[in-house]
Amino acid sequence: MLAVFEKSVAKSPEALRSPASDSVWALKDGILAQHFSSVYPGSVIVNLGSAGLLAYSVEKQNPLLPRLFAVVDDIFCLFQGHIENVAQLKQQYGLNKAANEVSIVIEAYRTLRDRGPYPADQVVRDIQGKFVFVLYDSSSKTAFLASDADGSVPFHWGTDSEGQFVLSDDVEIMKKGCGKSFAPFPTGCFFTTSGGLRSFEHPLNEVKPVPRVDSSGHVCGADFKVDEEARKESSGMPRVGSAANWSSDY
């Protein structure tokens, strides 16, 4: 999978930028999407206009961790992996028997956006299994992404030469788009456009960068770790239209 977001949609952490990076401008002339298509024949590229792009392919995928894509109304979602408690989540979100993992993630997000009965960390924590997902809401131009607590699915995030946000499960795609300015996405965490990176395992603790050094001794992005000493205020996700709309203020 591949996602590239313009920095107004999702701003990548400055700590991911390497001083010795040889990254490209991922969105210029569709350069990274074209490279993705050359590596994964038959891939699907979804143009999000000025917001960026999503891309996926069923080629070279692990059959135990399949890639799924869906669009519901104004919500686009890439999902990779599998959810173990599908039946429980279908019942929780009022979905029919035909709903799959990507449908569950979209409905969970839409519930957060429109009704907000639970904090975001609880919603992601309720998803049990091996997974990563990248979601884009075109109505509010916001992104929402997460990785399971075990890091079962390869997932990386980084920044290109223009500061655009790049995400992929393929490390070679990341090298092409970001040079050395990328790192594994931290496990047990989720990211929102305005809230940045949070741990759903430890929602009251800050997540801070630690410089990452490659085998050549060069700084290569950063690993993000939960700081057990630094705590932050817990916050919910007020419903859309309230005085504190989570999609813009969380």
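Biologist: Which residues does Val 134 touch, not counting residues up to four places away in sequence?

Modeller: In this predicted model, Val 134 touches Met 1, Ala 3, Phe 5, Leu 54, Phe 76, Cys 77, Leu 78, Phe 144, Leu 145, Phe 155 and Leu 167. Contact here means heavy atoms within 4.5 Å.

Biologist: What makes Val 134 part of a nonpolar core?

Modeller: A core member must be buried, which means under 20% relative accessible area, and joined through side-chain atoms within 4.5 Å. Val 134 belongs to the largest such core, of 32 residues, and is listed with Phe 5, Leu 54, Leu 145, Trp 157 and Leu 167 as having the most contacts inside it. The largest share of this core, 3 residues, comes from β6.

Biologist: Why are β11 and β12 called paired?

Modeller: Pairing needs at least two bridges; β11 (residues 189–192) and β12 have 4, in the antiparallel sense, so they count as paired. In one of these contacts between strands, Phe 191 has Leu 197 in β12 as its bridge partner.

Biologist: What makes β4 and β12 edge strands?

Modeller: The open sheet has 6 strands in the order β4-β5-β6-β7-β11-β12. β4 (67–72) and β12 (196–199) each pair on one side only. From one strand to the next, the twist averages 15°.

Biologist: How do you know that helix α3 packs on the sheet?

Modeller: Helix α3 (residues 101–114) touches β4, β5, β6 and β7, and its direction makes about 125° with that of β5.

Key
Residues are numbered from 1 along each chain as its sequence is written. This is a predicted model: local features need pLDDT of at least 70, side-chain atom pairs count only at pLDDT 80 or more; totals for chains, interfaces and linings use all residues. Side-chain values use heavy atoms; hydrogens and water are left out. Axes are lines fitted to C-alpha atoms, for helices over the stretch in contact, and angles run from 0 to 180 degrees between N-to-C directions. Buried means under 20% relative accessible area, exposed over 50%, partly exposed in between (1.4 Å probe, protein chains only).
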